[in-house]
Amino acid sequence: MHRTQLRRLQDIGAPIGFVLGLILIAAALFVLWLRHEDVATALLALQSPDPVMIALLLGGIFINVLLTGVFFGVLLSKYGNVRMAEMIAVLSVATMLNFLPMQPGLFARLAYHKTANAIALRDSVKVQFQALGISTATSAGIIVLLIVCHILSIGIIVPIALVTAMTAAASLFLPGARHFLIATVIRLLELATWAARYFAAFTLLGLTIDIPAATALACVSMVVSLVPMFGNGMGIREWTIGALSPYLTPNQVLHGLTAEFVNRAAEIVVIAVCGLIALAWLARYRRTIAQNQSPQP
């Protein structure tokens with residue numbers, strides 16, 4: 001896909017996604033305002049939050065940032081030389097930028113890889129589709145596993161751990177698919193971290209949620225966050241979690257919306273800090289590279 005075509009898609013899709021995201025966020029806030037008494041009751045738990053759950057939520061977001069960088073670093077390594085620390089920094093900055101209007105993070109990242117890493121635009125776009133495919137397949141597989149575990153009345157933690165270990169082992173014997181298998185393992189670890197975040201967000205509000213429900217919400221949230229036009233799943237993620245909450249947990253829609261807003265608020269803070277630090281690191285890193293490549297007198 002040519003750069004001008006991508007730019008045209010951004011010019012058309014990004015404003016639409018940003019406006020729709022704002023509308024969905026505004027609608028969610030309006031629903032919470034209509035039921036403000038119930039929401040206030042849930043928020044009372046935040047007056048004396050459990051420090052363990054706070055650490056789990058904030059730490060989970062930070063780990064997600066790291067793992068996402070490693071995930072894309074593994075996939076991109078087929079097409080160019082990108083240091084893992086550099087990839088994590090680029091992803092951190094791109095994720096931060098995607099909260100802005102027009103969601104410039106993705107296209108800034110593609111431009112960076114072309115300029116700094118000599119990775120063709122078509123290869124970066126190919127990796128985006130690979131990431132979406134791996135994420136969707138992984139989430140669908142875990143949802144099937146959740147259903148099977150529910151039918152058999154067994155826990156989900158051990159089966160997921162076994163699937164992760166088997167996938168990692170398979171990467172040792174299937175060199176042709178090694179990149180995809182390693183990326184799948186990383187995505188499984190990300191999914192587990194997402195589940196921990198939802199468990200923490202609901203628990204902080206005094207809401208009941210079990211590990212299978214948190215895992216199911218994580219599966220959906222991971223895929224929704226990759227939906228084009230909606231930067232970091234803004235708006236659509238809140239409503240998806242809210243709508244699924246009555247079916248996966250004993251809670252109402254507004255409770256799911258509130259929990260997702262807690263998750264989102266923590267996410268914005270952590271990603272903003274990580275993004276700004278990563279931006280400063282990248283600037284210094286590129287200056288060092290330029291100095292090393294400049295001809296010596």
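A crossing of two helices is left-handed if the near helix is turned anticlockwise from the far one by less than a right angle, and right-handed if clockwise. Helices (H or I, at least four residues) and strands (E, at least two) are DSSP runs, numbered from the N terminus.

The structure is a predicted model, in which local features need pLDDT of at least 70 and side-chain atom pairs count only at pLDDT 80 or more, while totals for chains, interfaces and linings use all residues. Residues are numbered from 1 along each chain as its sequence is written, and side-chain values use heavy atoms, with hydrogens and water left out.

The protein contains 11 helices and 0 strands. From the N terminus on, its elements run α-α-α-α-α-α-α-α-α-α-α. Of its 297 residues, 46% count as buried; here buried means under 20% relative accessible area, exposed over 50%, and partly exposed in between, with a 1.4 Å probe and protein chains only. Contact means heavy atoms within 4.5 Å. Among the contacts with a separation of 6 or more, 73% join residues 24 or more positions apart.

Two packed helices are described by the angle between their axes and the distance between the axes. The axes are lines fitted to C-alpha atoms, for helices over the stretch in contact, and angles run from 0 to 180 degrees between N-to-C directions. Angles under 35 degrees count as roughly parallel, over 145 as roughly antiparallel, 65 to 115 as roughly perpendicular and the rest as oblique.

Helix H6 (residues 121-152) packs against helix H8 (residues 178-204) at an angle of about 60°, and the two axes are 10 Å apart. H6 is therefore oblique to H8. The crossing in which H6 passes H8 is right-handed. On the H6 side, the contact involves Gln130, Ala131, Ile134, Ser135, Thr138, Ser139 and Ile142, which meet Phe180, Ala183, Thr184, Arg187, Leu188 and Leu191 in H8. By class, the residues of this contact are 7 nonpolar, 5 polar and 1 charged. In this classification Ala, Val, Leu, Ile, Met, Phe, Trp, Tyr, Cys and Pro count as nonpolar, Asp, Glu, Lys and Arg as charged, and the others, Gly among them, as polar.

From H4, the contact is made by Glu86, Met87, Val90, Leu91, Ala94 and Leu97, and from H5 by Gly105, Ala108, Arg109, Tyr112, His113 and Ala116. The contact of H4 with H5 has 8 nonpolar, 2 polar and 2 charged residues.

A nonpolar core is a set of buried Ala, Val, Leu, Ile, Met, Phe, Trp, Tyr and Cys residues joined through side-chain atoms within 4.5 Å. The largest such core has 38 residues, of which Leu57, Ile142, Tyr198 and Phe202 touch the most other members. Two or more residues each come from helix H3 (51-76), H6, H8, helix H9 (211-224) and helix H11 (253-293). The most come from H8, which gives 9 residues to this core. Leaving out residues up to four places away in sequence, Tyr198 touches Ile209, Ala214, Leu217, Ala218, Ser221, Arg237, Ile241, Glu260 and Asn263. Apart from this core lies another, of 23 residues, including Met87, Tyr112, Ile186 and Ile289.

Individual residues were also examined. Ser124 is located in helix H6 and is buried, with a relative accessible area of 2%. Not counting residues up to four places away in sequence, Ser124 touches Leu76, Leu110, His113 and Ile119. Phe62, in helix H3, counts as partly exposed at 40% relative accessibility. With neighbours within four places in sequence left aside, Phe62 is in contact with Val270 and Cys274. The C-alpha atoms of Phe62 and Ser92 are separated by 9.9 Å, and these residues are 30 apart along the chain.

Most residues other than glycine have a negative phi. Ala118 is not a glycine, yet has a positive phi of about 55°. Ala118 is placed in the loop between helix H5 (105-116) and H6, and is exposed, with a relative accessible area of 65%. Ser153 likewise has a positive phi, near 55°. Ser153 lies in the loop between H6 and helix H7 (157-173) and is exposed, with a relative accessible area of 67%.
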